[in-house]
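The structure comes first, then the details.

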Amino acid sequence: MKAIECLKYGDVENLVLRNVKTPIPKDNEVLIKIFATSVTTSDVLIRRMNEPLIPRFILQLIFGFGRPRNPILGMVTAGIVESKGKDVSMFEIGDEVFAYGSISSTKRRFGSYAEYICLSEDWNLALKPVNLSFEEAAAIPYGGLLASHLLKKTSINRGDRVLIYGASGSIGTMAIQLAKHMGAHVTSVCSGRNFKLVKSLGSDKIIDYTLENAENQLETYKYVIDAVGNSKSSKLKEKSKKVLTSNGKYISIDHGTPSTTKKAFFNLKTLVEQEKIVPVIDRIYPLEKIAEAHRYVEMGHKRGNVVVTI
């Protein structure tokens, strides 16, 4: 099968298209023919591996020293079950499915930058929402699960004011929709070019962080959700940490290891099928141009998700 392998950490040139052996499913696994995946900020972080010394050492303990232990990156899958192991009972050959390659901080599965992947039936794996294409399904798991992780740390009541910093990215666009579903009054922080997008997702107020004195538009919030973490900051972001109610809370994507539970995964599927949340796709690239997709994501200005077709 065709697959993109990361030969070593560093620049996008280390992502190389190769022919590799097609995996064979174990007794409890399905073999999925992949039609779409996505390039996420986490993929770029792993591929670059240019964090400060101590975080980089910890990451390489997890993912491998010098190069990824599994050279085929990618954790998002949307495709069709092509074969299955003898013990699989939840899926049939021909089922259209989508998946995310993590169910806990210690259980991860890479390999979706390829034509095929094997996943256990008890993974974050489900029938694809019938109202989504494969490309749209690939735009749900990453941002949806990380946004779910952030909002799980809240106790939002109807009308609570919530500020989302980094509202136009893959996590932010999902956080807006999930917070609105919970009844929040949402203020979104992004650049002016993304106002129309975040408004369409339900934002009640929008602040352009690039404007001078943008922090003067801040109000008081029950929760401030930081969907970008330490990778981006501004005067407005620093000020937002100080405009909380007496029982308010600042929640960053960099605080702790994200939880990506099956409960959250299946909740996203239900909300999508009920049309309570929608995927947001910025650009779509073919597998052969995945280096270009990485380069675009690395710029840090994508809107929603970058999808790769296979």
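Helix 8 contributes the most to the lining of the second largest pocket, with four residues. Helices here are DSSP runs of H or I with at least four residues, strands are E runs of at least two, and both are numbered from the N terminus. The model is predicted, so local features need pLDDT of at least 70 and side-chain atom pairs count only at pLDDT 80 or more, while totals for chains, interfaces and linings use all residues. Residues are numbered from 1 along each chain as its sequence is written, and side-chain values use heavy atoms, with hydrogens and water left out.

**The second largest pocket**

The volume of the second largest pocket is about 330 Å³. Of its 14 lining residues, Ser148, Leu151, Lys152, Ala264 and Asn267 are the closest to the centre. Helix 4 (141–151), helix 5 (170–181) and helix 8 (262–273) each supply at least two residues of this lining. By class, the lining of the second largest pocket holds five nonpolar, seven polar and two charged residues. Nonpolar covers Ala, Val, Leu, Ile, Met, Phe, Trp, Tyr, Cys and Pro; charged covers Asp, Glu, Lys and Arg; the others, Gly among them, are polar.

The grid rules are as follows. On a 1 Å grid over the protein atoms alone, a pocket is an open set of points with protein on both sides within 12 Å along at least five of seven lines, whereas a cavity is a set where a 1.4 Å probe fits but cannot get out; lining residues have an atom within 4 Å of a point. Points are joined across faces, edges and corners, and a volume is the space filled by probe spheres set on them.

Thr270 is in helix 8. Thr270 counts as partly exposed at 35% relative accessibility. The scale runs from buried (under 20% relative accessible area) through partly exposed (in between) to exposed (over 50%), with a 1.4 Å probe and protein chains only. Thr270 and Gly144 are 126 residues apart in sequence, and their C-alpha atoms are 12 Å apart in space.

Thr154 is in the loop between helix 4 and strand 8 (161–165). Thr154 is buried, at 10% relative accessible area. Its side chain reaches the backbone oxygen of Leu151 at 2.6 Å. The cut-off for such a polar contact is a pair of N or O atoms within 3.5 Å; within protein, one must be able to donate a hydrogen and the other to accept it, and residues adjacent in sequence count only if both atoms are side-chain atoms.

**The cavity**

How many cavities of 30 Å³ or more does the structure hold? There is one. The largest cavity has a volume of about 30 Å³. Its lining consists of Met75, Thr77, Ala99, Tyr100, Gly101, Arg109, Ser112, Ile117 and Leu119. Strand 5 (96–100) and strand 6 (116–120) are the elements that give two or more residues to that lining. Five lining residues of the largest cavity are nonpolar, three polar and one charged.

**Salt bridges**

Side chains of opposite charge can pair when their charged atoms come close. The criterion is a side-chain nitrogen of Lys or Arg within 4 Å of a carboxyl oxygen of Asp or Glu. The count comes to 17 salt bridges. The table lists three of them, including Lys86 with Asp87.

| Salt bridge | Closest N and O atoms |
|---|---|
| Lys86 and Asp87 | 3.3 Å |
| Lys205 and Glu219 | 3.3 Å |
| Asp226 and Lys237 | 2.9 Å |

Lys205 lies in strand 10 (residues 205–208) and Glu219 in the loop between strand 10 and strand 11 (221–226), so this pair ties together parts 14 residues apart in sequence. Lys205 is partly exposed at 22%, and Glu219 is partly exposed at 30%.

Are Asp226 and Lys237 buried or exposed? Asp226 is buried at 2% relative accessibility, and Lys237 is buried at 3%. Asp226 lies in strand 11 and Lys237 in helix 7 (residues 235–240), so the pair ties together parts 11 residues apart in sequence. Elsewhere, salt bridges that share partners join Asp27, Lys86 and Asp87 into one network.

**Cysteines**

The structure holds zero disulfides, by a cut-off of 2.5 Å within which a pair of cysteine sulfur atoms must lie. Cys6 is buried at 1% relative accessibility. Cys118 is buried as well, at 7%.
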